[in-house]
Amino acid sequence: MTKIKIKNLEFKNPLVLASGTFSFGDKFISVANQMGGIVTKGITLKPRMGNPSPRIYETASGILNSVGLENPGVDKFCTNILPELKSLKTNLIVNISGNSPQEFKALAQRLDDTEIDALEINISCPNIRDCNKMIGRDPKQTYKVVRAVRKQTKKIIITKLTANFIDPLITAQAANDAGTDAICLINTLYGIALDTKTGKPFLGGVTGGLSGPAIKPFALYCVWYVASRIKLPIIGCGGIVSAQDVKEYLLAGSKLVEIGSANLRNPYAGLEILKELNRLRG
Amino acid sequence: MIRKQAVVYGKEEIGPGIYSMWLKCPQIARTAKPGQFVQIAVNDSYEPFLSRPLSIADTTNNTIRIIYRVIGKGTEILKAKKDGETLLILGPLGKAITPVKNKNIVLCAGGLGIAPLLYLAKNLKKNNNLILFYGARNESELILLKEFKPLCDKIFLSTDDGSKGRKGFVTDILFSAHDILANAYCLYIAGPSEMIKKISNYKFRLSHLKLFGFLEERMGCGCGICFGCAVKKRGNGYLRVCTDGPVFDLSKVAL
């Protein structure tokens with residue numbers, strides 16, 4: 001399979017395991033090693049407990065999750081988890097999440113002298129305290145965050161964008177102007193499930209992020225729409241469960257794809273999709 | 001842990017809407033231990049999307065047994081499976097229960113919680129004395145009794161409607177069995193979360209008695225990569241039901 005490059009970073013195939021669906025890259029290493037890359041669970045400046053249970057609600061052909069960025073914080077990630085990832089034979093992309101340009105700056109600074117391959121700026125996770133304040137819904141904030149990270153690091157920067165209540169072309173442009181090397185489209189969509197017995201929200205985090213095959217046509221549309229209007233490498237993400245889906249995303253203009261929810265159904269999904277992709281390509 | 005096609009056989013309805021099924025998958029069967037579970041992809045389509053976590057209720061050299069109540073899309077599909085058809089299963093998952101010797105062990109089951117206790121009882125029987133407290137909605141839902149009889153020294157039953165055993169909840173008969181609990185090393189509890197919570201918070205006034213609960217939570221991956229099935233630790237933070245459990249020392253979790 002032909003190698004793919006984002007700047008000077010080579011990917012041995014277009015498949016990347018999406019943030020939040022494959023731990024920190026410390027599990028199923030034999031799967032991760034076959035992939036083009038693995039994105040860690042979102043890392044924040046301080047440790048985060050995550051949301052109360054239930055955190056998962058199954059929907060028609062998809063999942064709503066409100067995990068809420070459970071992670072040990074960047075310091076513990078660097079001291080306890082990162083050393084375990086030294087033997088990974090794939091690109092290690094660290095997903096960073098914060099509430100302000102300053103927090104993102106500090107995260108980028110802390111990670112800059114580590115051996116990770118790239119940063120994925122997460123300004124699009126719906127599982128934050130006030131989801132209306134999502135940075136990715138504001139092009140000015142998006143610019144400031146990407147700029148703050150860009151000034152801190154020479155590592156490859158991927159900005160993961162949202163399509164929740166914002167035209168992603170506008171934020172893609174902002175991220176591009178601020179110096180991102182690539183964008184990832186899309187993060188999960190806002191969602192809620194209500195318990196008709198109690199009248200209350202089902203998820204412990206009240207609202208959640210919708211993912212899985214249910215969102216694929218919309219996510220694919222976002223990639224197609226943005227790819228035809230801006231010259232920036234795109235990582236397509238949303239509902240990929242087969243090699244056929246991967247091919248569609250590549251046709252729509254993605255350079256790489258992220259596989260997310262499929263890993264929850266089957267931790268070997270990435271491997272199976274890769275095998276099928278190789279077979280289709282002969 | 002491995003993901004393999006397993007062949008279905010021996011499906012039977014053992015209670016109203018409650019099914020027992022054997023799955024032939026030698027690699028999983030030979031490594032499985034009490035306390036563990038499997039994730040079953042009920043079909044090849046993406047509806048339902050997630051796999052179904054089910055306790056291992058028993059094993060032979062080549063097969064594992066699962067027991068389920070038909071309650072939704074996933075279990076409806078399982079119910080329709082015929083002998084010889086296959087299912088993709090991932091397992092064994094979760095932590096195995098550490099075996100003990102020469103102890104008096106009390107098992108407490110509510111409803112389908114009886115299923116994982118069968119596998120545990122079969123493993124503990126040889127070296128320990130077992131006593132079972134078991135409650136269900138009514139007599140027809142008291143399943144697996146014939147299989148438990150040779151494994152337990154005593155069995156105490158309750159039903160919500162009084163059709164068999166004491167009328168009421170299993171917790172009523174458990175909490176009144178002070179002498180038995182005073183001589184017991186530990187208590188394994190499996191059943192509805194409210195029942196486990198009630199027992200976990202009960203003042204037994206028996207400081208030696210260890211309580212272990214089979215916890216359930218909405219699960220994503222079942223193998224520790226999605227952080228979806230959280231249970232609150234005593235103190236700060238969460239544990240994962242799939243990889244830190246599903247059987248927990250109840251002194252370590254806040255229910």
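## Salt bridges

Over all chains, the structure holds 18 salt bridges, a salt bridge being a side-chain nitrogen of Lys or Arg within 4 Å of a carboxyl oxygen of Asp or Glu. One of them joins A:R55 to A:E70, with the closest N and O atoms 2.6 Å apart. A:R55 lies in the loop between β4 (37–39) and β5 (56–59) of chain A and A:E70 in the loop between β6 (62–65) and α2 (74–81) of chain A, so the pair ties together parts that are 15 residues apart in sequence. Helices (H or I, at least four residues) and strands (E, at least two) are DSSP runs, numbered from the N terminus.

This is a predicted model, in which local features need pLDDT of at least 70 and side-chain atom pairs count only at pLDDT 80 or more, while totals for chains, interfaces and linings use all residues. Residues are numbered from 1 along each chain as its sequence is written, chains are lettered from A and ligands numbered from 1 in the order in which they are written, and side-chain values use heavy atoms, with hydrogens and water left out.

## Interface of chains A and B

In the interface, 36 residues of chain A are in contact with 32 residues of chain B, where contact means heavy atoms within 4.5 Å. The two chains bury about 2,800 Å² between them, 59% of it on carbon and sulfur atoms. Buried area is the accessible area (1.4 Å probe) that two parts lose on being put together, summed over both. On the side of chain A, the residues that lose the most area to chain B are A:M49, A:E58 and A:R265, together 28% of what that side buries.

Three salt bridges are counted between chain A and chain B. A:E58 forms a salt bridge with B:R52, and their closest N and O atoms are 2.7 Å apart.

## Helix packing in chain A

Helix α6 (residues 216–227) and helix α7 (residues 243–252) of chain A pack at an angle of about 25 degrees, with their axes 8 Å apart. Axes are lines fitted to C-alpha atoms, for helices over the stretch in contact, and angles run from 0 to 180 degrees between N-to-C directions. The angle makes α6(A) roughly parallel to α7(A); angles under 35 degrees count as roughly parallel, over 145 as roughly antiparallel, 65 to 115 as roughly perpendicular and the rest as oblique. Residues making this contact include A:L220 and A:W224 of α6(A) and A:Y249 of α7(A).

Helix α7(A) also packs against helix α9 (residues 269–281) of chain A, at an angle of about 70 degrees and with the axes 8 Å apart. The two helices are therefore roughly perpendicular to each other. Among the residues in contact are A:V246 and A:L250 of α7(A) and A:I273 and A:L277 of α9(A).

## Backbone features

Most residues other than glycine have a negative phi, and most peptide bonds are trans. A:S61, although not a glycine, has a positive phi of about 50 degrees. This serine, A:S61, is found in the loop between β5 and β6 of chain A.

In chain B, the peptide bond from B:G91 to B:P92 is cis, with omega near -10 degrees, and B:P92 is placed in strand β7 (residues 86–93). The bond from B:G245 to B:P246 is also cis, with omega near 10 degrees. B:P246 lies in the loop between α8 (241–244) and β16 (247–249) of chain B.
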